[in-house]
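Dear colleague,

I am handing over the structure we spoke about, and below it you will find notes on what was found in it. Please read them with the structure open beside you.

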Amino acid sequence: MKFFIKLIKAACVCIELAAIVLLAVGFDLHERVGNAKTVQIGQGSSTKILSELSKSYPKFSKFDARLLSFYGGAKTGELELSGENLPKYQFLYELSIAKPVMNEIKLIPGETTIVFLKQLAKDRGLSFSELEREYNATAPFYEGFLVPETYKIGKNESEKNIIDHLISSAQKFHEGLSHELIGEYNATAWKQVLIKASVIQKEAANADEMPLVASVIDNRLAKNMRLQMDGTLNYGEFSHVKITPQRIRTDTSHYNTYLNDGLPKEPVCVVSRDAIRAALAPAKSEYLYFMRNKKTGLHDFARTQAEHERNVKAQR
């Protein structure tokens with residue numbers, strides 16, 4: 001009988017101790033961490049991560065590390081949490097599910113790849129040479145492959161990860177749009193579409209003009225006329241440079257459609273869906289010329305050289 005009484009007393013003591021431990025753990029886990037809305041997490045085990053965090057936050061215990069591991073471990077990078085000064089249990093849980101802080105990268109239609117990559121490197125403190133190296137290693141061709149879009153990229157992503165994301169998005173875009181518009185995807189044929197679309201992109205004042213510009217391209221090529229379009233000289237680092245008569249005379253690249261027959265050998269810039277659609281479905285017209293109207297910002301189209309010269313004279 002005395003044995004059972006002792007056993008019951010021992011059990012009561014154990015229960016009391018367990019209750020005290022649970023209360024202590026519960027109190028500890030409800031302690032506020034004092035965190036900011038974002039937190040930087042490096043690579044490593046849960047123990048190593050919490051050891052580093054202990055330099056800025058209240059000291060984390062081995063139990064906290066086990067709990068974090070139970071949750072699945074912490075994500076890495078700069079993480080965005082649901083709020084500031086979270087309870088410890090919530091803080092640890094959110095480390096395991098939080099998404100990285102995202103920044104926007106915007107690539108506009110008509111921009112050139114080299115200008116985009118240089119600006120991207122400048123804005124994000126990255127290496128342009130590394131971005132370009134990764135790009136050249138994975139892109140099927142340099143100019144015109146990327147897709148103008150607003151991308152959301154992790155704030156601290158590496159050059160390789162950024163380029164991988166851009167290339168993957170572009171490949172899906174080209175294959176998907178090609179299947180949608182022509183029923184198949186042939187990389188060589190699609191590149192030719194992009195070359196024509198890039199000229200349209202550089203020349204048209206807006207999306208509504210694109211089918212007409214496309215028709216001028218087709219009409220001039222059909223008559224064995226050189227395109228003689230300024231926009232083709234806004235390639236590469238000349239993307240935003242005003243085209244002058246001297247430049248037209250001296251630029252010996254294949255992009256110079258004043259000195260060379262046909263379309264350029266490579267795309268001039270990145271292109272929009274509208275430009276691609278116009279390249280594949282130009283308007284039916286007899287136009288051979290166009291020039292920018294200073295008052296409207298649009299283009300005046302002409303069927304003959306005499307009509308075109310009248311339009312030019314009216315703008316002087």
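**The largest pocket**

Strand 6 gives the most to the lining of the largest pocket, with 4 residues. This is a predicted model, in which local features need pLDDT of at least 70 and side-chain atom pairs count only at pLDDT 80 or more, while totals for chains, interfaces and linings use all residues. Residues are numbered from 1 along each chain as its sequence is written, and side-chain values use heavy atoms, with hydrogens and water left out.

The largest pocket has a volume of about 1,000 Å³, and of the 34 residues that line it, the closest to its centre are Glu203, Asp230, Gly231, Phe290 and His299. (A pocket is an open set of points on a 1 Å grid over the protein atoms alone, where a 1.4 Å probe fits, with protein on both sides within 12 Å along at least five of seven lines; lining residues have an atom within 4 Å of a point.) At least two lining residues each come from helix 8, helix 9 (210–222), strand 6 (289–292) and helix 12 (305–314); helices (H or I, at least four residues) and strands (E, at least two) are DSSP runs, numbered from the N terminus.

**Helix 7**

The 24 residues of helix 7 (residues 159–182) should span 34 Å at 1.5 Å a residue, and this agrees with its end C-alpha atoms, which are 34 Å apart; the expected span is 1.5 Å times one less than the number of residues. Among the buried residues of helix 7 are Ile162, Leu166, Phe173 and Leu177, where buried means under 20% relative accessible area, exposed over 50%, and partly exposed in between (1.4 Å probe, protein chains only). The cover over the buried residues of helix 7 includes strand 4 (102–107), helix 5 (113–124) and helix 8 (187–203). Just after helix 7, Gly183 takes a positive phi of about 85°.

**Two residues to look at**

Val115 lies in helix 5 and counts as partly exposed, because its relative accessibility is 22%. Although 121 residues separate Val115 from Gly236 in sequence, the two are 7.0 Å apart in space, C-alpha to C-alpha. Beyond its neighbours within four places in sequence, Val115 is in contact (heavy atoms within 4.5 Å) with Gly236, Glu237, Ser239 and His240.

Ser46, in helix 2 (residues 46–53), counts as buried at 10% relative accessibility. Not counting residues up to four places away in sequence, Ser46 touches Ala65, Leu68, Ser69 and Gly73.

With best wishes

Methods. Points joined across faces, edges and corners; volume = space filled by probe spheres on them.
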